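Hello,

Here is the structure I promised to pass on. Please look it over first, then read my notes below.

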Amino acid sequence: MSFTLSSCLLNLAGSAVLAFGLYHVHSLSGVTEGGILGATLLLQYWFHISPAWSGLVLNAVCYLFGWRLMGKDFVLCSLVAGGGFSLFYAVIEEFPHLWPQLADMPLAASVIGALFVGIGAGLCVRAGGAPGGDDALAMSLSRITGWNIRWPYLMSDLLILTLSLTYIPVERIGYSLLTVILSGQIIGLLQRLPVPGEHGRP
């Protein structure tokens with residue numbers, strides 16, 4: 001998708017949904033993530049590297065990889081998605097959690113969290129942007145291999161979750177696996193849906 005007003009708005013909508021879900025569900029549920037977020041937590045545990053630094057480097061590498069394959073429009077859309085996520089999260093975290101009881105309900109948290117992540121990231125991907133480095137990597141691998149985007153998401157998440165067994169109990173990994181499988185399927189579904197105004201273009 002090209003960099004247009006409609007793609008900007010869709011990226012912003014997706015990043016808002018993603019930020020809302022990560023703050024109100026994942027940040028208090030103890031259910032970990034796959035992808036870049038999970039990788040930064042691993043590096044912190046193994047090598048005591050702050051996620052602030054490791055996340056910056058890993059995201060930059062993934063965005064660079066995506067830019068080489070997907071071009072300028074991808075970079076612009078991703079800047080909107082990533083910047084929108086940071087902005088929305090900064091605003092949302094100024095308010096108390098809506099569902100603090102989810103901290104004691106990991107199964108519900110994994111399903112609800114998957115809906116927010118899947119819809120939020122899925123809208124951004126559908127609009128041609130990547131709110132995080134793992135989204136950029138999945139889009140790039142999908143472009144290279146021709147696979148549906150759900151499979152690169154699932155493979156990278158499974159790798160990170162398997163490595164996370166070094167410091168996270170198996171039960172919590174099980175809930176995290178459910179989250180990444182569901183969110184990946186939702187992202188794949190949204191990627192196939194048409195964007196309004198897309199039909200009829202030359």
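**Surface patch, helices and rings**

Helix α3 gives the most to the nonpolar patch, with four residues. Bear in mind that this is a predicted model.

The patch covers about 1,000 Å² of the surface. Its residues are Tyr 45, Trp 46, Phe 47, Ile 49, Trp 53, Leu 56, Val 57, Val 61, Leu 159 and Leu 163. Two or more residues each come from α2 (35-47), α3 (51-70) and α7 (150-163). Val 57 lies in α3.

Next, the aromatic rings. Searching the whole structure gives six aromatic pairs. One of them joins Phe 85 and Tyr 89. Their ring centres are 5.8 Å apart, with 40 degrees between the planes, and the pair counts as tilted. Both residues sit in helix α4 (residues 72-92). They are four residues apart, about one turn of the helix. An α-helix has 3.6 residues a turn, so residues three or four places apart point the same way.

Elsewhere, ring pairs link Phe 20, Trp 99 and Phe 116 into a cluster.

Last, helix α5. This helix runs over residues 106-126, 21 residues in total. At 1.5 Å a residue α5 should span 30 Å, and its end C-alpha atoms are 29 Å apart, so the two values agree. After α5 comes Gly 128, with a positive phi near 90 degrees.

Best wishes

Methods
Residues numbered from 1 in each chain as written. Predicted model: local features only at pLDDT ≥ 70, side-chain atom pairs only at ≥ 80, totals over all residues. Heavy atoms only, no water. Patch = residues over 30% accessible without salt bridge, like charges linked within 9 Å, V, L, I, M, F, W, Y side chains within 5 Å. Areas by Shrake-Rupley, 256 points an atom, 1.4 Å probe, with all protein chains shown as cover. Salt bridge = Lys/Arg side-chain N within 4 Å of Asp/Glu carboxyl O. Expected span 1.5 Å × (residues − 1). Phe/Tyr/Trp six-rings, centres within 6.5 Å; stacked < 30°, edge-to-face > 60°.
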